[in-house]
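Q: Can you walk me through this structure? I'd like the sheet, the helices and the charged pairs.

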Amino acid sequence: MFAVQETIRNSIHQLKHAQTISDKELRVLLEQSNAATDDMLFSEADQVRRERYGTAVYLRGLIEFTNYCKNNCYYCGIRQGNTRAVRYRFEREEILSCCEEGYTLGFHTFVLQGGEDPFYTDKEICEIVSAIRERFPDCAITLSIGEKPRESYAAYFRAGANRYLLRHETADASHYSKLHPAEMHLSNRKRCLFDLKELGYQVGSGFMVGSPFQTTDCLIADLRFLQELDPDMIGIGPYLTHADTPFSQYPNGSLALTLRLIAVLRLMFPHALIPATTALGTIHPNGRELGLKAGANVVMPNLSPVRVRKWYSLYDNKICTGEESAQCRGCLENRIRSVGYEAVTDIGDVKRS
């Protein structure tokens, strides 16, 4: 046991200084780390994030503007096949109203997130983005609306979007096929991500931790794919079940493993903007604070109207009112400050050097 723990300590040291270790070392670190080596891992990750970003935690205003989706991903509560979901869409002016409220609260990054909803044509998305860009020229506009043709991404970029979030979910093709219907392909998801990078977006990707059928090999494949993609943002969170999906009987992912992977990602990608996700706050009351202490440096409070937050239900028991909302910014800032960081609302571009 002592030899294993010493191997893990050496791996953490190498990961910090070389930003990579072997697959074998990753396997031992992910599978056999304990409280003591986790503490070392989190401490090293925190040091790296402080060297690059100081104590800043960037606040992004999240606008969940549609929960319609044409896809049937087996893990997702807003999948097309969920007939129990209460659906909603925002009109353009409602999206702009959310931005207006966020801007008044001090937010300078808006994240427009939704299912893959064909109702919003490329023309409509471009008009929404252009309207936000015109009204809030000093703000960053992030889209998270799924897989699109390259020309669609190019049009959004020309309209004024400058960031795009698209989690790959798993980089193992066999695993991907177990999480998604046959018409969805990992190769297309990867194509989208590389198209976005080539077009000039700041790109975010990421994966679920503990999804059904996931193995350590899958997680290692995720890390290697992220090394290939080299994204600006990396979002991970524990897999959480939803009662109205084919995966309703599978257990939630592990908080401990998610935190370990956040720290690994911070050491592998010192520049990355890594959110402490809503899923972390859902699986544990202090999950986001633990995520920040493990190396995360972004929090995305919700700007969506309170009346719809419970309907954007990717998983069960999602926190949707209270301190995670943008309107309670002071509460959120106090929680961030309680673990030694400071909430900031500027654009917060990636710092690659």
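**Salt bridges and the sheet**

A: Let's start with a charged pair: Glu127 and Lys123 meet through their side chains in a salt bridge, 2.6 Å from N to O. Keep in mind that this is a predicted model.

Q: How far apart are Glu127 and Lys123 in helix α5?
A: They are 4 residues apart in α5 (residues 122-135), so about one helical turn separates them.

Q: Why does a spacing of four work in a helix?
A: An α-helix has 3.6 residues a turn, so residues three or four places apart point the same way.

Q: Is Lys123 buried or exposed? And what about Glu127?
A: Lys123 is exposed, with a relative accessible area of 60%. Glu127 is partly exposed, at 26%.

Q: How many salt bridges does the model have?
A: The count comes to 23.

Q: Which pair is there in α3?
A: Arg50 and Asp46, which are 4 residues apart in helix α3, or about one helical turn. Their salt bridge has its closest N and O atoms 2.7 Å apart.

Q: Is Asp46 buried or exposed?
A: Asp46 counts as buried because its relative accessibility is 15%, and the cut-off for buried is under 20%. Arg50 is partly exposed at 35%.

Q: What about a pair in α8?
A: Arg191 and Asp195 both lie in that helix, 4 residues apart, about one turn. They form a salt bridge, with the closest N and O atoms 2.9 Å apart. Asp195 is buried, with a relative accessible area of 10%. Arg191 is partly exposed at 28%.

Q: How many bridges link β3 and β4?
A: There are 5 bridges, in the parallel sense, between β3 (residues 109-114) and β4 (residues 140-144).

Q: Which residues of α8 are buried?
A: Leu186, Arg189, Cys192, Leu193, Asp195, Leu196 and Leu199. So the list includes Asp195, the salt-bridge partner of Arg191.

Q: What covers the buried residues of α8?
A: The cover includes α6 (150-159), β5, α7 (173-179), β6 and α9.

Q: What follows α8?
A: Gly200 does, with a positive phi near 110°.

Q: And what follows α6?
A: Gly160, whose phi is positive too, near 130°.

Q: Which residues in α6 are buried?
A: Ser152, Tyr153, Ala154, Ala155, Tyr156 and Ala159. The elements covering the buried residues of α6 include α5, β4, β5 and α8.

Q: One more residue, Asp38. Where is that found?
A: Asp38 is in helix α3 (residues 35-53).

Q: Is Asp38 buried or exposed?
A: Asp38 is buried, with a relative accessible area of 9%.

Q: What does Asp38 touch?
A: Leaving out residues up to four places away in sequence, Asp38 touches Ser33 and Arg260. The side chains of Asp38 and Ser33 are joined by a polar contact of 2.7 Å.

Definitions and conventions: Residues are numbered from 1 along each chain as its sequence is written. This is a predicted model: local features need pLDDT of at least 70, side-chain atom pairs count only at pLDDT 80 or more; totals for chains, interfaces and linings use all residues. Side-chain values use heavy atoms; hydrogens and water are left out. Two strands pair if DSSP finds at least two bridges between them. Helices (H or I, at least four residues) and strands (E, at least two) are DSSP runs, numbered from the N terminus. Buried means under 20% relative accessible area, exposed over 50%, partly exposed in between (1.4 Å probe, protein chains only). Contact means heavy atoms within 4.5 Å. A polar contact is a pair of N or O atoms within 3.5 Å; within protein, one must be able to donate a hydrogen and the other to accept it, and residues adjacent in sequence count only if both atoms are side-chain atoms. A salt bridge is a side-chain nitrogen of Lys or Arg within 4 Å of a carboxyl oxygen of Asp or Glu.
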